[in-house]
Amino acid sequence: MTDAALTTDNLAVTYTGNRNVEALKGVSIEFPANQLTAIIGPSGCGKSTLLKSLNRLHEIQSNVEISGDVLLGEQSVYDTDEPVPELRRRIGYVPQTPTALPVSIYENVAYGLKIHGDYDSRAELDEQVEHYLRKVNLWSEVEDRLDAPGAELSTGQIQRLCLARSLAVEPEVLLCDEVTSALDPVSAETVEETLESLKDEYTIIMVTHSMDQAKRLADEVVFLYLGDCIETNDTRSFFENPQHERTAEFVSGHTVVGDDDDDESEPTATATTVEAGR
Amino acid sequence: MDRYAKGRLFGLLARGAAALVVAVMVLVVAVTIYRGGRVFLTDPVIAFTPPGSRYMLEGDGGFLHAVLGSLFIVVPATVVSAVLAVSTAIYLQSDYSSERFSDLVNMFLNVLWGTPPIVYGVFVLTIIIAIGARTSLFFGIIAIAIFQYPIMTRYTDEALRSAPETVKEATYGLGGTRFEAALMTFRAALPGIIAGIIMGFARGIGDAATVLFTTGRSTNMPGGLFEGATTLPVLIFDQAMSFNAEVRSHAYAASFVLIVAVLALIIVSKLLAGRYARYAPGGRHS
């Protein structure tokens, strides 16, 4: 295992709404640098919670209590004097729903650079926008309509635009929350290819519902179950030689926590549609 | 009755209700445009001519004083009110304000929205008397601004509320501050906000009760911020009460000017909103 880019130290998250829900029960995980780590587990087991707490995105909503810490390299994420926006810039986040900012395609990519003042001239900005759009294989599709609204692209294109936008601020770690779940299979494949091409350069942490996707893309897999981290391992060992009974059950698609009325004809769908905590 | 017959009956009722509303609206607009248009188009100068010294009695001159009075009162009022309303709504919807506080403020805004405008008129009149001032253009602006504020705030608040949460999340995810995230949400909500501001303008320009006590129902050209003035709706009321048939016919011409202005405003707001809606998440697909 290479050096850890991001480490969680007994990280616990509790939602304190009408009733207390312990979404994460103190997990300690190391996310290796320049690799793609997939977080898998049944719905409602704390995957998105873990992802959002890595860059303190949870703090924008109230009713959340967080304990423990996250380390970015050697630096604490929670106990620091660095302004939170600067931290979030270093740990980028791509939301689940493909969302274009309400500006042009060009401005979507340029926005991060603009708020951080990362350019000296218009020419440099143009260059950067082109660079990142090429990086996500979107440039050839949009080069002649950079001024068109970002929202007019197809959902698959928007998701790649989101990736380009997030990469443009040069994060050290990129958090992706089920970035292909809202896409059709063809667009999903394009986005996967893009992630594949990025994972040598960036530390990517991805939440996914699809075990096939984790198998295809991930170097490391983290298995969360009801707020606990059951197992972390490299992808091959994780799927071929699971260390825990729960993992073995989940991998083979037998983890059915509650009754599910959904159509269970597809074998992979069983594992992805189970709901935890009922 | 079987399910399909029930469905057809409901469809029929719904269509009937819609037809009734549209018919009444068309009738109002058509009668105003027909009767007012006839007066206005045969003698359009009356809208651009200052009133004569005995206008209300003999109908000499025109009603430019009310056209200008309306503009001088409603335009500044809309600007003031829009700035306040947008700031309030952004504050309520941003992460600066707690949800509980937002709900409380929204409740007050709903009460304000439901308050009859005449109450605002009387309220401002009370202030005028208390500070020993005279009715004037200035107090008309204040009264209209108070009247428009809850309307615009509620529209803006709704627009911001329906802007997707992910826009905010994405901005934070790029290292944006709370202010930058609020600004991005504002841009996403722009079509709804523009519609709200123009709606407030249209309501303001059409309201008589708020300015009835506060501007002095002047029959002269507006002379200054602290001089008396009048607006089109108040003028229409005064004209319609006149003994002079010609002055009464002017009421239709003034109504025509007013209704055309309001329709034009609504069309402009649709066009503007459509232009910005292309940028809103979901784009033209929605």
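## A glycine in a loop of chain B

In this predicted model, G216(B) lies in the loop that links α10 (209–212) and α11 (232–240) of chain B. G216(B) counts as buried, because 21 other C-beta atoms lie within 10 Å, and the cut-off for a buried residue is 20 or more such atoms. Once its neighbours within four places in sequence are left aside, the residues in contact with G216(B) are T135(B), S136(B), G228(B) and A229(B). A further relation across the chain is that between G216(B) and G140(B), which are 76 residues apart in sequence while their C-alpha atoms are 9.0 Å apart in space.

## Annotated spans of chain B

The UniProt record, an unreviewed entry, lists "transmembrane region" for residues 12–34, 63–92, 104–129, 135–152, 188–206 and 251–273 of chain B. Two of these spans can be described from the coordinates of the model. Residues 63–92 of chain B are 97% helix and 0% strand, with the end C-alpha atoms 42 Å apart, and residues 104–129 of chain B are 92% helix and 0% strand, with the end C-alpha atoms 32 Å apart.

## Where chain B meets chain A

The contact between the two chains involves 24 residues of chain B and 28 residues of chain A. On the side of chain B that touches chain A, the elements that give two or more residues are α7 (165–173) and α8 (178–188) of chain B, and α7(B) gives the most, with six residues. Sorted by class, this side of chain B has 10 nonpolar, eight polar and six charged residues.

## Chain A as a whole

Chain A has 11 helices and 11 strands in its secondary structure. The radius of gyration of chain A is 19 Å, close to the 19 Å that the globule rule gives for 278 residues, so chain A is as compact as a globular protein of that length. Along its principal axes, the C-alpha trace of chain A spans about 55 × 45 × 40 Å.

Of the 278 residues of chain A, 43% count as buried, and among the contacts in chain A with a separation of 6 or more, 67% are between residues 24 or more positions apart. The UniProt record, again an unreviewed entry, places "domain: ABC transporter" at residues 6–251 of chain A; that span is 37% helix and 26% strand, and its end C-alpha atoms lie 25 Å apart.

## Strand β10 and its two partners

Strand β10 (residues 220–225) of chain A is joined to β11(A) by six bridges, and the two run antiparallel, whereas the pairing between strand β4 (residues 36–40) of chain A and β10(A) is parallel and extends over four bridges. Individual positions show how the strands are set against each other: T37(A) stands opposite E220(A) in β10(A), V222(A) has T232(A) in β11(A) as its bridge partner, and Y225(A) stands opposite D228(A) in β11(A). The hairpin of β10(A) and β11(A) has two residues between the strands, and in it L226(A) takes a positive phi near 50°.

In a regular strand the side chains alternate between the two faces of the sheet. Which residues of β10(A) point one way, and which the other way? E220(A), V222(A) and L224(A) point one way from β10(A), while V221(A), F223(A) and Y225(A) point the other way, and all are buried. Since six of the six residues of β10(A) are buried, this strand is largely enclosed by the rest of the structure.

Strand β1 (residues 4–16) and strand β2 (residues 20–27) of chain A run antiparallel and are joined by six bridges. β1(A) and β2(A) form a hairpin with three residues between them, and T16(A) stands opposite N20(A) in β2(A).

Technical notes
Residues numbered from 1 in each chain as written. Chains lettered and ligands numbered in written order. Predicted model: local features only at pLDDT ≥ 70, side-chain atom pairs only at ≥ 80, totals over all residues. UniProt positions renumbered as here; feature names shortened; annotations may be inferred. Contact = placed C-beta atoms within 7 Å. Nonpolar A, V, L, I, M, F, W, Y, C, P; charged D, E, K, R; others polar. Pairing = 2+ DSSP bridges. Rg over C-alpha atoms; globule rule 2.2 N^0.38 Å. Buried ≥ 20, exposed ≤ 12 C-beta atoms within 10 Å, placed from the backbone.
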